[in-house]
Amino acid sequence: MPDPNGFLRYERQLPARRPVAVRITDWREVYPPAGAELIREQATRCMDCGIPFCHDGCPLGNRIPDWNDLVRTGNWDAAVESLHATNNFPEFTGRLCPAPCEAACVLGLGGQQPVTIKQVEVEIADAAVARGGLNPHPVPASTGRSVAVVGSGPAGLAAAQQLARAGHAVTVYERDDAIGGLLRYGIPDFKLEKQHIDRRVAQLAAEGVQFRTGVNIGVDVSAEELRGRHDAVLLACGALQGRDTPETPGRPLRGVHQAMTHLVAANRVVAAAGDGRPAPAVLPDGMPIDAAGRHVVIIGGGDTAADCLGVAHRQGAAGVHQLDLYPEPPHGRDAERDPWPTWPWVLRNYPAHEEGGDRVFAVAVQEFVDDGTGQVKGVRIAEVTVERRDGRRVVTALPGSERELPADLVLLAIGFEGTEEQPLLAQFGVTRNARGAVDARPDWQTDADGVFVAGDMHRGASLIVWAIAEGRAAAAAIHSYLGGIGSLPAPVDPARQPLAAR
Ligand SMILES: Cc1cc2nc3c(=O)[nH]c(=O)nc-3n(C[C@H](O)[C@H](O)[C@H](O)COP(=O)(O)OP(=O)(O)OC[C@H]3O[C@@H](n4cnc5c(N)ncnc54)[C@H](O)[C@@H]3O)c2cc1C
Ligand code: SF4
């Protein structure tokens with residue numbers, strides 16, 4: 001029986017982040033482990049409210065009150081089992097999820113701070129490793145059916161694990177040189193150290209999943225050949241088509257990059273240093289990857305922008321401005337606009353923000369300024385208002401508000417326009433919709449029979465928790481398509497949307 005008064009005895013508390021002055025000198029994760037006692041107290045704050053809205057907030061349907069109580073009572077092995085029943089990779093979500101479950105926690109309804117669900121989750125996930133490692137669960141019998149998974153991000157990996165555990169022969173094809181999708185070279189080590197991915201890849205390999213890196217499907221292996229090798233195909237290629245701003249004067253200047261161009265290169269440098277390998281020091285335009293001593297301007301306000309900010313700090317940038325088109329969001333939930341238990345529009349402060357840099361809201365770039373040699377030397381910005389008119393976004397600059405910020409390196413983190421246009425699409429006979437995503441029928445098949453889609457490629461740029469949920473659900477559909485015995489869990493259907501008021 002959970003403790004109904006735990007939230008009255010204990011305040012919400014997260015572990016202290018490593019000191020800024022220390023952590024910006026390395027690439028290690030920002031959060032140290034919380035310690036068993038703090039986590040037991042925090043799990044005790046869950047009162048098992050009876051109608052756990054956190055279940056609906058979490059696309060995976062994680063059994064949050066169950067594992068909170070198991071942690072409270074010290075049943076760590078059972079907590080590990082309960083968590084893994086719904087989430088293949090809680091060490092990823094526990095570190096990286098923005099935790100819509102916490103926005104839906106019933107404590108928030110009564111003006112209390114929500115349970116630190118995500119922190120409890122990561123501690124359980126890490127306890128699994130500490131208490132004997134991530135044991136593989138190979139199945140003795142094979143169904144004789146085989147599945148190709150294209151793309152090794154969290155959607156592809158979750159599907160691969162579910163299908164392998166159901167007895168299917170699974171091969172994951174990845175065009176990059178390492179497995180993990182955006183978790184590998186998109187998300188910096190200070191948010192996710194890469195041993196967490198390596199451990200899971202080892203577990204999946206021990207469960208029979210075959211990994212083929214450096215294979216670009218549609219280029220190195222045709223769709224026809226892949227379909228000839230396998231009984232079903234899952235496309236989980238992500239949504240990596242970065243939005244650009246070609247109309248802004250000065251966009252072609254040296255030093256103005258897509259954020260991912262810089263971020264991926266910087267993360268590769270960290271990976272290479274960890275492995276003792278040499279790494280390229282320059283970007284495609286010859287600019288150094290290292291931002292040391294340079295003025296950096298990051299355009300955009302989301303995860304990618306915050307990750308660029310943390311990277312710039314660690315590279316020793318002389319100064320960083322992060323620009324956002326929209327006004328500063330409220331610091332707490334606006335109940336009129338976003339009533340509980342929906343995901344609220346609030347100012348999100350990432351650890352990178354406490355490390356430095358200036359955030360500038362309600363501004364738009366008017367011009368990237370040339371230093372006379374084709375290299376950017378500044379960014380001319382204006383204060384703006386943003387309105388919706390006839391469903392369209394209208395941005396109006398305020399006269400006389402223009403000013404220039406110094407900039408040697410400008411990073412465009414203004415979102416993604418869906419999955420990349422690449423040969424694989426036409427070869428499989430699937431098309432991108434108006435959002436640049438690939439539609440799925442209710443059973444996760446694309447327009448091409450036997451070809452399924454999941455993750456960002458289907459949903460558009462989203463979150464890891466959605467990618468895992470879609471990977472699990474698509475695996476269930478593939479299992480059924482292949483005539484597998486019984487059914488696999490399907491936490492979401494293709495039409496499922498986050499809890500929202502509007
Ligand atoms: C910088 C950044 C930071 C983020 N931070 C967070 C965060 O903190 N929390 C969070 O929840 N979400 C975050 N996200 C979003 C999250 O990373 C994605 O939603 C998630 O990774 C999507 O998973 P996926 O499996 O659908 O695709 P991806 O992770 O994008 O993986 C797709 C894979 O498919 C491969 N591929 C593509 N085409 C082919 C082909 N033809 N052949 C073979 N392989 C192919 C790609 O190389 C890639 O490895 C972040 C995103 C970015 C860009
Ligand atoms: S995966 Fe995300 S939404 Fe689900 S329980 Fe964990 S932190 Fe909450």
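Which residue stands opposite Leu 409 in S13? In this predicted model, the residue is Val 296.

Figure 1. Strand S13 covers residues 409-412. Leu 409 and Leu 411 point one way from S13, while Val 410 and Leu 412 point the other way. In a regular strand, side chains alternate between the two faces of the sheet. All four of these residues, Leu 409, Val 410, Leu 411 and Leu 412, are buried. Strand S6 (residues 295-299) runs parallel to S13 and is joined to it by four bridges. Val 296 stands opposite Leu 409 in this pairing. Strand S5 (residues 256-258) also runs parallel to S13, with three bridges between them. Here His 257 stands opposite Leu 411.

**Figure 2. Polar contacts of ligand 1.** A polar side-chain atom of Glu 174 lies 2.7 Å from an oxygen atom of ligand 1. The backbone of Pro 154 places an N or O atom 3.3 Å from an oxygen atom of the ligand. With Ile 217, a backbone N or O atom lies 3.0 Å from a nitrogen atom of ligand 1. On its own, ligand 1 has 1000 Å² of accessible area, and the protein covers 97% of that area.

**Figure 3. The shell around ligand 1.** The ligand is surrounded by 37 residues, and the closest are Leu 96, Glu 174, Lys 191, Gln 422 and Asp 456. By type, the shell holds 20 nonpolar, eleven polar and six charged residues. H15 gives the most to this shell, with three residues.

**Figure 4. Helix H3 and its packing partners.** Helix H3 spans residues 36-44, and its buried residues are Leu 38, Ile 39, Gln 42, Ala 43 and Thr 44. These buried residues pack against four helices: H1 (6-9), H5 (64-72), H6 (76-84) and H9 (117-130).

Figure 5. Ile 24 is found in the loop between helix H2 (20-23) and H3. Its relative accessible area is 25%, so Ile 24 is classed as partly exposed, a term that applies between the limits of 20% and 50%. Neighbours within four places in sequence aside, Ile 24 is in contact with His 313, Arg 314 and Glu 355. Ile 64 is 40 residues from Ile 24 along the chain, and the C-alpha atoms of the two are separated by 33 Å.

How values were computed:
Residues numbered from 1 in each chain as written. Chains lettered and ligands numbered in written order. Predicted model: local features only at pLDDT ≥ 70, side-chain atom pairs only at ≥ 80, totals over all residues. Heavy atoms only, no water. Near = heavy atom within 4 Å. Polar contact = N/O pair within 3.5 Å; in protein donor to acceptor, adjacent residues only side chain to side chain. Areas by Shrake-Rupley, 256 points an atom, 1.4 Å probe, with all protein chains shown as cover. Helix = DSSP H or I, 4+ residues; strand = E, 2+ residues; numbered from the N terminus. Nonpolar A, V, L, I, M, F, W, Y, C, P; charged D, E, K, R; others polar. Buried < 20%, exposed > 50% of the residue type's maximum accessible area, 1.4 Å probe, protein only. Contact = heavy atoms within 4.5 Å. Pairing = 2+ DSSP bridges.
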